[in-house]
Amino acid sequence: MRRRSAVKTLCLAAGSTLVGRNLAQASPVSRKKAGSRGRDQMAILVDTTKCMGCRFCETACAEANDLPAPPSSVEPGVERSTSESQWTVLNRYETEKGTVNVKRQCMHCLQPACASACLTQAMHKTEDGPVIWRGEKCMGCRFCMLSCPFDVPKFEYDSANPRIQKCRMCWDRLEEGQVPACVEKCPAGCTTFGSRADMLELAYQKIYSEPDKYVHHVYGEREAGGTNMLYLSSVPFDQIGFRTDLGETPYPDLTKEFLYSVPFVLTLFPPLLLAVSRATAPAHPEDGEI
């Protein structure tokens, strides 16, 4: 009887596991591609060869989003990252071709890891491309911070009502038909806003028309599955602070198999332990066994 009961339990566990796996694989959410919508998404092309380091993009971002004014001076040689109070930063790098200025902010991935990791969909990929944070949905788990390969989302640790802060590509301005503030205020014209397809076409036009001026690569075209921030450079991107070890696979795809295994863990282990317990339990007279 004990052996038969254990076998029955294992069979139930296997059946439950297969059902869980099929549900996970059949789920339209699990197979949805954030960058595969019908219309092309909007993007910003940053030509670092044109940037003169004025930092007007920092000021414009702060004014448009009611953020504190950026620091008036920046310590030379110190690479800054975005923060809860500054969504756009400009860094200066000494490279093999001299000083290069680089504007940095959220990369607005086509398939953002932050949105994939968010349990409540507070971090949301919009149809037009920007990745935005919706405070009314956030439960403060900060998984978005842990999952982002670009280390962008920041948490207001010192606030009584903390929020996740990051560039939203001026989502509210886009809804009103305007361009992002950093693009509008750039006096050197190093940032261009438009559809992602048009920005990629423009980027390659620049590369092919002046092949000696640019590295023959558009950063963000394929990195981590592609982003809506695209960059041109005159030097290798690792010289100006960009990660070059991300690969081309979208980060949510890297965790997909793990997530599919969750139903296995939740449904198989408890019945398995129960089966083992029953199979190894001491016999009792009421079991009808000798």
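This is a predicted model: local features need pLDDT of at least 70, side-chain atom pairs count only at pLDDT 80 or more; totals for chains, interfaces and linings use all residues.
A nonpolar core, as I use the term here, is a set of buried Ala, Val, Leu, Ile, Met, Phe, Trp, Tyr and Cys residues joined through side-chain atoms within 4.5 Å.

**Entry 1: the core**

I started with the largest nonpolar core, which has 37 residues. Which of them touch the most other members? I found Ile 44, Phe 150, Tyr 219, Tyr 231 and Ile 240. Next I looked up which elements give two or more residues to this core: β1, α3 (56–64), β2 (89–95), β3 (98–104), α6 (171–175), α7 (181–184) and β9. The largest share comes from α3, with three residues.

**Entry 2: a sheet of three strands**

Three strands make an open sheet with mixed pairing, in the order β8-β1-β9. At the edges I have β8 (191–195) and β9 (229–232), each pairing on one side only. On average, neighbouring strands here are turned by 25° against each other, ignoring direction.

I checked how β1 (residues 42–47) meets β8: the two pair in the antiparallel sense, over five bridges. I wrote down two of the partners in β8. Met 42 has Ser 195 as its bridge partner, and Ile 44 has Phe 193.

Is β8 enclosed or open, edge strand that it is? Four of its five residues are buried, so β8 is largely enclosed by the rest of the structure. I also noted a helix here: α8 (residues 196–209) lies across β1, β8 and β9, and it runs at about 135° to β8.

Leaving out neighbours within four places in sequence, I see Tyr 219 in contact with Met 107, Phe 150, Met 229, Leu 230, Tyr 231, Phe 237, Phe 242, Arg 243 and Leu 246.

Glu 221 is in this loop too. Is Glu 221 buried or exposed? Its relative accessible area is 16%, and the cut-off for buried is under 20%, so Glu 221 counts as buried. Not counting residues up to four places away, Glu 221 touches Arg 196, Leu 200, Tyr 204, Gly 226 and Leu 230.

Ala 224 is buried, at 2% relative accessibility.

That made me look at another backbone entry of this kind. Arg 55 isn't a glycine either, and has a positive phi of about 70°. I found Arg 55 in the loop between β1 and α3, and at 10% relative accessibility I count Arg 55 as buried.

**Entry 3: rings**

I went through the aromatic pairs and the count comes to six. In one of them, Phe 155 and Tyr 157 have ring centres 4.9 Å apart and planes at 75°, so I logged the pair as edge-to-face. Phe 155 is buried at 12% relative accessibility, whereas Tyr 157 is exposed at 54%.

Tyr 219 and Phe 242 make a tilted pair, 4.6 Å centre to centre with 50° between the planes. Tyr 219 sits in the loop between α8 and β9, and Phe 242 in the loop between β9 and α9 (251–254), so this pair ties together parts that are 23 residues apart in sequence. I checked burial for both: Tyr 219 is buried, and so is Phe 242. Ring pairs also link Tyr 219, Tyr 231, Phe 237 and Phe 242 into a cluster.

Which charged ends sit over these rings? For Phe 242, I found the charged end of Arg 104, 4.2 Å from the ring centre. For Phe 155, I found that of Arg 142, 4.6 Å from the ring centre.

**Entry 4: Val 131**

Val 131 is in strand β5 (residues 131–133), and at 1% relative accessibility I count Val 131 as buried. What does Val 131 touch, not counting residues up to four places away? My list has His 108, Cys 109, Pro 112, Cys 114, Met 123, His 124, Lys 125, Lys 166, Cys 167 and Arg 168. I also noted that 8.3 Å separates the C-alpha atoms of Val 131 and Cys 106, which are 25 residues apart along the chain.

Definitions and conventions:
Residues are numbered from 1 along each chain as its sequence is written. Side-chain values use heavy atoms; hydrogens and water are left out. Two strands pair if DSSP finds at least two bridges between them. Axes are lines fitted to C-alpha atoms, for helices over the stretch in contact, and angles run from 0 to 180 degrees between N-to-C directions. Contact means heavy atoms within 4.5 Å. Buried means under 20% relative accessible area, exposed over 50%, partly exposed in between (1.4 Å probe, protein chains only). Rings of Phe, Tyr and Trp (its six-membered ring) pair if their centres lie within 6.5 Å; planes under 30 degrees apart count as stacked, over 60 as edge-to-face and the rest as tilted. A charge sits over a ring if NZ of Lys or CZ of Arg is within 6 Å of the ring centre and within 35 degrees of the ring normal.
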